[in-house]
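I opened the notebook to record what I looked up in this model. My entries cover ligand surroundings and strand pairing.

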Amino acid sequence: MKRYHVTTFGCQMNAHDSERIKGLLEELGLGEAPSQDQADVIVLNTCTIREKPDTRFAAHMGNAAKQKRERPGTVVAVGGCYAEAQRERLFALYPDVDVAFGPGTISHLGAWLGAGGEGVARGAFGTGEERAFAAGLPAHRERRFQAWVQVSMGCNSVCSYCIVPAVRGRETSRRPGEVIAEVERLATEGVREVTLLGQNVNSYGRDVGSSFAELLHAVDGVAGIERIRFTSPHPKDFRRDVIAAMAECAAVCEHAHLPLQSGSSRVLKAMRRTYSRERYLRLVAELRASIPDLALTTDIIVGFPGETENDFRETLEVAEEVGFDGAFTFVYSPRAGTEAAAMPNQVSDEVKRDRIERLVAVVQRVAAERNAGRVGSVEEVLVEGPSRTEPELLRGRTRRNTTVNFSGDAAPGELVSVSIASATSTTLAGAQLALAAA
Ligand code: SAH
Ligand code: SF4
Ligand code: F3S
């Protein structure tokens, strides 16, 4: 049996897409290889959000090329956002790539790999116009009890730093009936937690006569689904109906990942985020008033073109004022073809480095304080498996999405009660209570 190996770069969309790539390859009769060097078909599912993933892809591609020289006949397939961004040049830049596809053209992979015996269609690339939901493909899920559910593809925002609209295209929503049918099927397969995925989930449904609030209610109605998560909501489209749905739907978790990007209204404007510092803070207050115990996490960029020391201090202030439970912090990375990459007042690497260090220090201190506040409480934890650091402990996540390492006896997929005894900036630790929560 021929074997494949998939390496995934980037965000949850790519994690979802990789599960579909695996499902598709298994349907074609391939098995999964434990490592890239044992695979006959090497798939690299790429990201191009910043320069770093591009560099990591280049390194992986180097290994794949070496392997091809040693084992001729190995097929290298490159998919995802970097492939889409470089579609005109990919085969010239990397002559060892056999076939390539974008995030919307995964379904073609089977044909290109020679299903039907025509042999590998070298140099094939799907076009953006043929875009289809990856959700239509079979899935090989990493976890039996958790699943990604794609609700939309593409993005209609025009954030001036961001490459995503150029590579994932215009936003298109999946029909609510299709989403719900998938969630129902997942529930019968034993899935207890779903994460709804879209670049801007709050704008879901406008093109198919639905809304994100309606979708949350419908998913909440599916028996067996005990936790609903979603990512990412754009603050500009976070309306009252969605806040109300979060409060009303028992399965929707008390967590919102709400990308801030900057705390300076001036920078937010240049980023074309279409909200101000004040509006963001108002939204946070509304969310907290409606959903007690809500966890808030965020994405922040430092060193956007023209960001002054004062702008940056405003970001630090907002981070303190909101009190995020966690944050992904990024150094601005110019992306070819985006509006911000052409702005004249780029910030020096030295200043960017200084700012990211100061921001990380604040974010970690605040998150550690927030987590310390959980010590002494009892949390409902969905067990994921053994702890990554101490294998004799178990690991899982709370409804607020914090990782917990704990002593106990439970199988992956079980919901248990854990008494929290200590905390760091990113994790909690404790012991399982004798009686399971569910
Ligand atoms: N659609 C999601 C974000 C996807 S990209 C949303 O809007 O919430 C994930 C994060 O990467 C963004 O929130 C942003 O903080 C960061 N990012 C995007 N482009 C970037 C760039 N050019 N440089 C640095 N960080 C960037
Ligand atoms: Fe990028 Fe903005 Fe769309 Fe998010 S909302 S994917 S940051 S353009
Ligand atoms: Fe995700 Fe990277 Fe594409 S963050 S949408 S895989 S550019």
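**Ligand 1**

I began with the shell around ligand 1, where strand 13 (295–302) and strand 14 (326–331) each supply at least two residues. Strands here are DSSP runs (E, at least two residues), numbered from the N terminus.

I noted the ground rules next. This is a predicted model, in which local features need pLDDT of at least 70 and side-chain atom pairs count only at pLDDT 80 or more, while totals for chains, interfaces and linings use all residues. Residues are numbered from 1 along each chain as its sequence is written, chains are lettered from A and ligands numbered from 1 in the order in which they are written, and side-chain values use heavy atoms, with hydrogens and water left out.

Which residues come nearest to ligand 1? Of the 15 around ligand 1, I found Q199, P259, Q261, D299 and S333. A residue counts as near if one of its heavy atoms lies within 4 Å. I sorted the shell by class: seven nonpolar, four polar and four charged residues. Ala, Val, Leu, Ile, Met, Phe, Trp, Tyr, Cys and Pro count as nonpolar, Asp, Glu, Lys and Arg as charged, and the others, Gly among them, as polar.

I then checked polar contacts (pairs of N or O atoms within 3.5 Å). An oxygen atom of ligand 1 is 2.6 Å from an N or O atom in the Q261 side chain. For the side chain of R50, the distance from a ligand 1 oxygen to an N or O atom is 3.1 Å. A nitrogen atom of ligand 1 is 2.8 Å from a polar backbone atom of S333. Taken alone, ligand 1 exposes 550 Å², and the protein buries 89% of that (Shrake-Rupley method, 1.4 Å probe).

**Ligand 3**

I listed the residues around ligand 3: C11, N14, C47, T48, I49, C81, V164, R168 and Q199. By class, I recorded five nonpolar, three polar and one charged.

**The barrel**

How do the five strands close into a barrel? I read the order as 15-16-17-19-18, with mixed pairing. Two strands pair if DSSP finds at least two bridges between them.

Strand 15 (residues 378–386) runs antiparallel to strand 16 (residues 394–398), joined by five bridges. There, P386 stands opposite L394.

Strand 17 (residues 403–407) pairs with strand 19 (residues 427–432) in the parallel sense, over five bridges. F406 has G430 as its bridge partner.

Strand 18 (residues 415–423) is antiparallel to strand 19, again with five bridges. I saw V418 opposite Q432. Strands 18 and 19 form a hairpin with three residues between them.

Terms used: Helix = DSSP H or I, 4+ residues; strand = E, 2+ residues; numbered from the N terminus. Polar contact = N/O pair within 3.5 Å; in protein donor to acceptor, adjacent residues only side chain to side chain.
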